[in-house]
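Here is a friendly walk through one protein model, written for someone who likes to know the cut-offs behind each term. Have a look at the sequence and the structure first, then read on.

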Amino acid sequence: WFYTLLVLSTALFGKPAFKNVVVNGWLLAEDGKKMSKSLKNYPEPTKLIEKYGADAIRIYMLDSPALRGEELRFAEAGVREMVRRVLLPWWNSVSFLMTYAHVDGWDPETQWYFCDERREPTHELDVWINVKLEELKYQVEREMVEYRLYRVVDPLLDFLDDLTNWYIRRSRRRFWKSENSDDKLCAYTTLYSVLLEFTELMAPFTPFLAEQVYELLRVTPDTQAVDSVHLRDVPARRELSDEEYLVEHRIDLTRKVCELGRSLREKARIRTRQPLATIKVGTTDAREREWLQAGEDVILEELNIKKLEILDDPTRLATPTLKANMRRLGPRLGGKAKSVATTLTTLKDIDPEKVRRLAILGKSTEVDGYTLDPEDVHVEMEPSAEGELVAASGRLVVSIDSHITDELRYEGLARDLINRIQKMRKDLDLKVDDRIEVGIRTESADIIAAVTQYHDLVAGETLVPDPIRVGSTIASPELEKTDKIDGEEVTIQIGRSAIANPKRRRGSYS
């Protein structure tokens, strides 16, 4: 096909028929065989579109080996995964904005609000998500210009994770404020503008959902002047300042510590709702230690830990051990690579300073007469103290004390109760500001102690204005459920409280 086009165009017009060609690979059935009507080894396209939407199939194909000229075993599970990872988070972000905007009466058409006289965001979360958006614009433009369509989806997924799992989640309290403060209006403005530009970026990849979202966001004079998202320009990237990049690095470091902390919890099977006593973070970088100090409250809240300790020597938290990266050392050292690999396994006992240089300081050092770089080794960390969990990323080492006292356990049970009550609120389809009354019955002395000691926490988080009834029923139960918390049976009743909800201004943006 390529040859025929080239010959014909050269003979007829004296120039090539194309400047760039995108070559797709073969689409195969999930079992690796050629798709065949007789074998019926493929999902029926119409049913697939009805179930997941054309956009899900489109972005699944975009992220597949087929766009790299390789074979693709088409699987319905892959389409379903794109719904879960792309379409639902995006749609849920839009729904979040519209839900709270309706409650507060915030309308971008009449309340387009910028956060200071320079018309720029000032809250660090607003700055951070805008930096991430600008970087996304750059990545998408770079890959599309080079026709690397298959390298577009990962940056989109990363941004959606940033938006939903950090920006919106960390900004929830800003939207929950009862008064329309400047900070709250900044949060609305930032989320709206970010979602609008993200929708414009998504238009080529998910054209149908992008159009639907655009219609929902099309309430400002600028958007009302353009009938379709597909008629709007791709948002242009602006230059970022050094201050903005510093905010990004600071928040990214905080997120990295939180991710390492969560991985340790998962490894030890300690649920996030169970508070822990101490997290220790070690880094040799003085600026990183300052950033960690600034992000202390966020780290403690995200990981549900009481105290943060920041150390300038990560080896006080864990002992690094080295293993050879044979994919690098093998081609370079040949037959000597095995000898060097053996030396690396015992280097912590022979010369711990060399281990420190490679694993902690990120510097080169000599081993068996060869200069090794940090990339030449794999680093594993062994906890320095019993009962502590350790994880590392580069020069950053995180350690968590896994010992749980009775006091910590009671708080964990209280947070489990909050979780169950919140789910019951959702089952009753209560509004975000509806007050409720709660009754709890259980034979567990620990759960009773947890409710007694942490009554204000449970009541405050679940909007219970009256005292929680322990061991008795409430006057007008609307829902009752029996569940197990930490192996102990507990029955929970909830119903709407007679105490009126606080008045909040409502508007028409919905």
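## The sheet with β13 and β14

Strands β13 and β14 (residues 488–496) are joined by seven bridges and run antiparallel. Strands here, like helices, are DSSP runs numbered from the N terminus: a strand is E over at least two residues, a helix H or I over at least four. Two strands count as paired if DSSP finds at least two bridges between them. Across this pair, Lys481 stands opposite Ile492 in β14.

The two strands belong to an open sheet of four, in the order β12-β11-β14-β13, with mixed pairing. Its edge strands, β12 (469–470) and β13 (479–485), each pair on one side only. Helix α16 (residues 406–427) lies across β11 (436–442), β13 and β14, and runs at about 145° to β13. Such angles are taken between N-to-C directions and run from 0 to 180 degrees, with axes fitted to C-alpha atoms, for helices over the stretch in contact; contact means heavy atoms within 4.5 Å.

## How the model is treated

This is a predicted model, in which local features need pLDDT of at least 70 and side-chain atom pairs count only at pLDDT 80 or more, while totals for chains, interfaces and linings use all residues. Residues are numbered from 1 along each chain as its sequence is written, and side-chain values use heavy atoms, with hydrogens and water left out.

## The protein as a whole

The secondary structure comes to 18 helices and 14 strands, and the C-alpha trace spans about 90 × 70 × 60 Å along its principal axes. Of the 510 residues, 45% are buried. Buried means under 20% relative accessible area, exposed means over 50%, and partly exposed lies in between (1.4 Å probe, protein chains only).

The accessible surface of the protein is about 27,300 Å², and carbon and sulfur atoms account for 49% of that area; the areas come from the Shrake-Rupley method with a 1.4 Å probe. Among contacts between residues at least 6 apart in sequence, 72% join residues at least 24 apart.

How many residues of β3 (residues 276–282) are buried? Five of its seven are, so the strand is mostly covered. β3 runs parallel to β4 (residues 305–311), with six bridges between them, and Leu276 has Ile305 as its bridge partner in β4. With β10 (residues 396–401), β3 pairs in the antiparallel sense over four bridges; there Gly282 is partnered by Val397. β9 and β10 are also antiparallel, joined by six bridges, and Ala391 has Val398 as its bridge partner in β10.

## Two kinked helices

Helix α4 (residues 76–104) has 29 residues, which should span 42 Å at 1.5 Å a residue; its end C-alpha atoms are 41 Å apart, which agrees. The expected span is 1.5 Å times one less than the number of residues. α4 has a kink of about 35° centred on Val83, where the bend is the angle between axes fitted to the seven residues ending at a residue and the seven starting there. Just after α4, Gly105 takes a positive phi of about 70°.

Helix α14 (residues 337–350) is kinked by about 40°, centred on Leu344. Leu344 is one of its buried residues, along with Ala337, Val340, Ala341, Thr343 and Leu347. The cover over the buried residues of α14 includes β5 (318–324), α13 (326–333) and α15 (352–359), as well as β6 (365–367), β7 (370–372) and β8 (377–383).

Glu30 is in the loop between β1 (27–28) and α2 (45–52), and counts as exposed because its relative accessibility is 53%. Leaving out residues up to four places away in sequence, Glu30 touches Arg73, Phe74 and Ala75.

Most residues other than glycine have a negative phi. Lys40, in the loop between β1 and α2, has a positive phi near 50°, and counts as exposed at 68% relative accessibility. Asp486, in the loop between β13 and β14, has a positive phi of about 55° although it is not a glycine; at 43% relative accessibility, Asp486 counts as partly exposed.
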